[in-house]
Amino acid sequence: MKHLTLITSSVMLALLSGCDDDVEVVEKEVVVTNTTVEVVEVPTPVIVEVAKGDAPDIQLGTRADYLINDMTQSDLKTKLESCKDGPFYRTDFSIGHRGAPMQYPEHTKESYIAAARMGAGIVECDVTFTSDKELVCRHSQCDLHTTTNILAIDELAAKCSVPFTPANTASGTPATAKCCTSDITLSEFLTLEGKMDGANTQASTVDEYIKGTPSWRTDLYATSGTLLTHKQSIELFKSLGVKMTPELKSPQVSMPFEGMTQQQYAQKMLDEYTLLDVPSSDVYPQSFNLDDVKYWINNNPDFANQSVYLDGRDSEAGFDPSNPDTWQPSMEALVADGVKILAPPIWMMLTIDNESNIVPSQYAIDAKAAGLELIAWSLERSGPLNEGGGYYYQSIADVIDNDGDMMKVVDVLAQDVGVIGIFSDWPATVSYYASCNKMPASI
């Protein structure tokens with residue numbers, strides 16, 4: 001606090017009464033002598049610098065508030081509550097998993113736009129191919145029967161690898177179908193409409209089979225999902241100002257396919273980014289097939305540093321994230337092969353300590369020690385967490401009992417494990433956390 005002394009002065013004051021037209025002006029000499037004025041120093045407000053063009057499009061909605069309100073009282077909850085008025089902005093820490101498929105059909109234009117609006121700095125197109133070897137966005141080469149309306153279009157349903165067969169209640173045989181992108185041409189693919197992923201395996205008709213959306217999702221925005229080619233997704237992502245993480249999907253047909261080898265398939269995906277003038281620094285190519293990742297590292301040096309090995313080794317018998325002897329190849333071997341980013345499911349990086357706290361697993365500790373960056377998948381994909389959370393939370397199920405625990409998981413992944421990004425089916429949740437913790441804006 002500072003004190004200033006004012007020199008004696010005369011001040012002429014004009015007093016205006018109300019807003020009437022007749023204003024009486026009164027002149028009076030006021031003498032101020034040796035007046036001490038206290039000047040209080042007010043701290044300068046803290047302004048979070050946000051990358052130009054990112055902040056105005058962020059629309060988080062109310063779900064993050066719901067999750068925070070559902071948390072048990074803690075310092076983390078108090079901190080997150082303090083951020084309810086923002087500012088919120090786009091970060092690369094928030095990755096749109098197939099877009100925003102908790103409410104929008106996955107890998108559709110609508111889902112991608114929703115993810116970008118919710119602050120995802122990176123958005124995913126899973127890449128597979130049609131019968132004429134054109135690249136398109138689908139989570140699996142053979143999921144059209146559960147993610148699109150193909151079975152409702154007779155001429156295309158007739159081309160499916162496995163036609164629809166109704167359930168047989170007498171024998172207990174479920175309804176089946178299998179429709180692949182490789183069953184149809186690109187032009188045929190683009191006539192389809194995306195729907196929420198799901199199928200009613202007790203169905204006796206195609207209409208019943210298609211209506212299999214899980215109860216914790218919604219069909220409210222699933223009436224006309226727009227499917228995209230890989231190139232169309234790139235153009236959309238450029239217009240939205242987001243980075244891109246294409247996943248090369250494992251073919252469900254024999255390779256080579258119509259003369260296209262696996263390496264040609266892997267190269268074709270990257271070539272489409274180069275063709276459309278996308279900087280390699282904006283692309284995170286990923287695959288569960290380590291040979292794909294090694295091919296990119298060895299043959300596409302511009303993309304090598306951001307090539308991501310998706311770790312699905314938990315499907316192998318005997319795999320244990322607490323036992324390094326069960327990880328083949330080892331963390332050190334992955335680094336020796338040039339891998340820099342490893343992306344396992346959430347549960348593999350977390351465990352519970354003796355005080356029932358969620359802490360990094362041995363897998364996560366060893367990965368970081370070897371110099372690997374980590375990305376987690378996938379938040380908000382298991383539905384409500386009141387019963388342990390399912391697959392993605394299996395290693396910490398004993399301490400997961402409400403939706404608010406999702407924020408605790410995000411915090412441990414960010415602060416203790418040190419992941420560089422989290423895939424989410426509803427990116428607004430991760431965006432809220434990232435903005436509240438002042439993580440770098442996406443540029």
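Close-up 1. In β6, I122 is the bridge partner of I95. The two strands, β5 (residues 91–96) and β6, run parallel and are joined by three bridges. Two strands count as paired if DSSP finds at least two bridges between them. Strands (E, at least two residues) and helices (H or I, at least four) are DSSP runs, numbered from the N terminus. Between β5 and β6 the chain passes through helix α3 (residues 109–117), and this β-α-β crossover is right-handed. Right-handed here means that, with the strands pointing away from the viewer, the path from the first strand over the helix to the second runs clockwise.

A word on the model before the next views: it is predicted, so local features need pLDDT of at least 70 and side-chain atom pairs count only at pLDDT 80 or more, while totals for chains, interfaces and linings use all residues. Residues are numbered from 1 along each chain as its sequence is written, and side-chain values use heavy atoms, with hydrogens and water left out.

**Close-up 2. Strand β6 also pairs with β12 and β7.** Six bridges link β6 to the parallel strand β12 (residues 243–248), where E247 stands opposite D126. With β7 (residues 135–137), β6 pairs in the antiparallel sense over three bridges, and C137 of β7 stands opposite V127. The hairpin of β6 and β7 has five residues between the strands, and K133 takes a positive phi near 65 degrees there. Because 10 of the 10 residues of β6 (residues 120–129) are buried, this strand is largely enclosed by the rest of the structure. Buried means under 20% relative accessible area (1.4 Å probe, protein chains only).

**Close-up 3. Helices α14 and α15 cross.** The axes of α14 (residues 405–417) and α15 (residues 428–436) come within 11 Å and cross at roughly 55 degrees, which makes α14 oblique to α15. Axes are lines fitted to C-alpha atoms over the stretch in contact, and angles run from 0 to 180 degrees between N-to-C directions. Oblique covers what is left once angles under 35 degrees (roughly parallel), over 145 (roughly antiparallel) and 65 to 115 (roughly perpendicular) are set aside. Among the residues in contact are M407 and V410 of α14 and Y432 and Y433 of α15, contact meaning heavy atoms within 4.5 Å.

**Close-up 4. Helices α9 and α10 pack together.** Here α9 (residues 262–275) and α10 (residues 290–299) pack at about 60 degrees, with axes 10 Å apart. The residues that meet include A266 and L270 in α9 and Y295 and W296 in α10.

Definitions and conventions:
Buried < 20%, exposed > 50% of the residue type's maximum accessible area, 1.4 Å probe, protein only.
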